[in-house]
Amino acid sequence: MTEPNTGKYEFDTEARIAQTVTDGPRYAPLKVEELSPEGAEQLYALRTAFQIPESRPLPDVSLIQLRHPRLFGGQMALGVELATGKIPPRDRELAVLRISWLARAPFEWCEHVDIGKAFGITSEEIDQVKEGSSAPGWTEHEAAVLLAVEELMADHCMSDATWDALAKTYDEYQMMEMPLLVGCYLMTAFQLNTLKIQPKADFDYR
């Protein structure tokens with residue numbers, strides 16, 4: 001068994017930005033009129049799923065991903081299912097923040113700092129995510145959520161002890177979703193890092 005990183009994870013954030021952000025993105029975002037017919041269908045599905053009005057421009061990341069419309073459709077289908085699934089939004093965002101910090105994913109981290117705050121995660125808790133599941137202050141349930149992430153990323157499996165701790169508060173649907181949540185956002189981090197997707201101009205990644 002590979003031991004999970006349950007504590008503070010420190011790395012050279014400037015070097016990681018140079019690797020995964022600087023001189024990016026590797027592909028330019030498409031203009032709406034450049035979308036293929038299949039891409040236009042996916043654009044409509046995206047706006048419908050997230051109730052994005054026609055007047056609101058899509059983020060560059062979506063217009064880059066729409067270069068591969070069928071792949072984008074598959075990613076979106078899983079993402080929507082997880083975003084509207086049984087795991088509470090606050091738990092989901094705690095998990096995604098730990099995933100993106102361990103994956104050293106600047107774009108994903110910065111996006112989910114904002115999303116996490118919208119679901120009640122405080123700035124202090126966001127800093128605490130960097131300290132891991134062993135940091136003081138988490139409830140037993142929150143620590144189990146973070147430890148599940150750490151174990152799945154380190155060993156690609158959740159231990160019996162963590163499963164039992166999480167199952168005290170999660171039902172069967174939520175337990176089934178948890179490994180896929182980690183896999184989905186880790187997969188997304190691979191793509192976003194490799195494509196050098198640009199975070200917002202005032203992003204804070206320390």
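Some ground rules. Residues are numbered from 1 along each chain as its sequence is written, and side-chain values use heavy atoms, with hydrogens and water left out. Because the model is predicted, local features need pLDDT of at least 70 and side-chain atom pairs count only at pLDDT 80 or more, while totals for chains, interfaces and linings use all residues.

Helix packing comes up now. Two packed helices are described by the angle between their axes and the distance between the axes. Helices are DSSP runs (H or I, at least four residues), numbered from the N terminus. Axes are lines fitted to C-alpha atoms over the stretch in contact, and angles run from 0 to 180 degrees between N-to-C directions.

Take helix H5, residues 89–102, and helix H8, residues 140–155. Their axes come within 9 Å and cross at roughly 35 degrees. The crossing of H5 past H8 is right-handed. That word means the near helix is turned clockwise from the far one by less than a right angle; anticlockwise is left-handed. Who touches whom? On the H5 side, the contact includes Leu94, Arg98 and Leu102; on the H8 side, it includes His141, Val145 and Met153. Contact means heavy atoms within 4.5 Å. The residues split into eight nonpolar, one polar and five charged. For the classes, Ala, Val, Leu, Ile, Met, Phe, Trp, Tyr, Cys and Pro count as nonpolar, Asp, Glu, Lys and Arg as charged, and the others, Gly among them, as polar.

H8 has another partner, helix H9, residues 160–167. Here the angle is about 145 degrees, and the axes are 9 Å apart. H8 passes H9 in a left-handed crossing. His141 and Val145 of H8 are among the residues that meet Thr162, Ala165 and Leu166 of H9. This contact has six nonpolar, two polar and one charged residues.

Next, H4 and H10. They pack at about 140 degrees, axes 10 Å apart. That makes H4 oblique to H10. The cut-offs: under 35 degrees is roughly parallel, over 145 roughly antiparallel, 65 to 115 roughly perpendicular, and the rest oblique. This crossing is left-handed. Leu71, Gln75, Leu78 and Leu82 of H4 take part.

On to pockets. A pocket is an open set of points on a 1 Å grid over the protein atoms alone, where a 1.4 Å probe fits, with protein on both sides within 12 Å along at least five of seven lines; lining residues have an atom within 4 Å of a point.

How much space lies in the largest pocket? About 1,100 Å³. Of its 33 lining residues, Phe50, Val61, Ser62, Glu111 and Ile115 are the closest to the centre. H4 supplies the largest share, six residues. The lining has 20 nonpolar, seven polar and six charged residues.

The second largest pocket has a volume of about 260 Å³. By class, the lining has five nonpolar, one polar and seven charged residues.

Last, the backbone. Gly24 and Pro25 are joined by a cis peptide bond, with omega about -5 degrees. Pro25 sits in the loop between helix H1 and helix H2. Then look at Arg104, in the loop between H5 and H6. Arg104 is not a glycine, yet its phi is positive, about 50 degrees.

How values were computed:
Helix = DSSP H or I, 4+ residues; strand = E, 2+ residues; numbered from the N terminus. Points joined across faces, edges and corners; volume = space filled by probe spheres on them.
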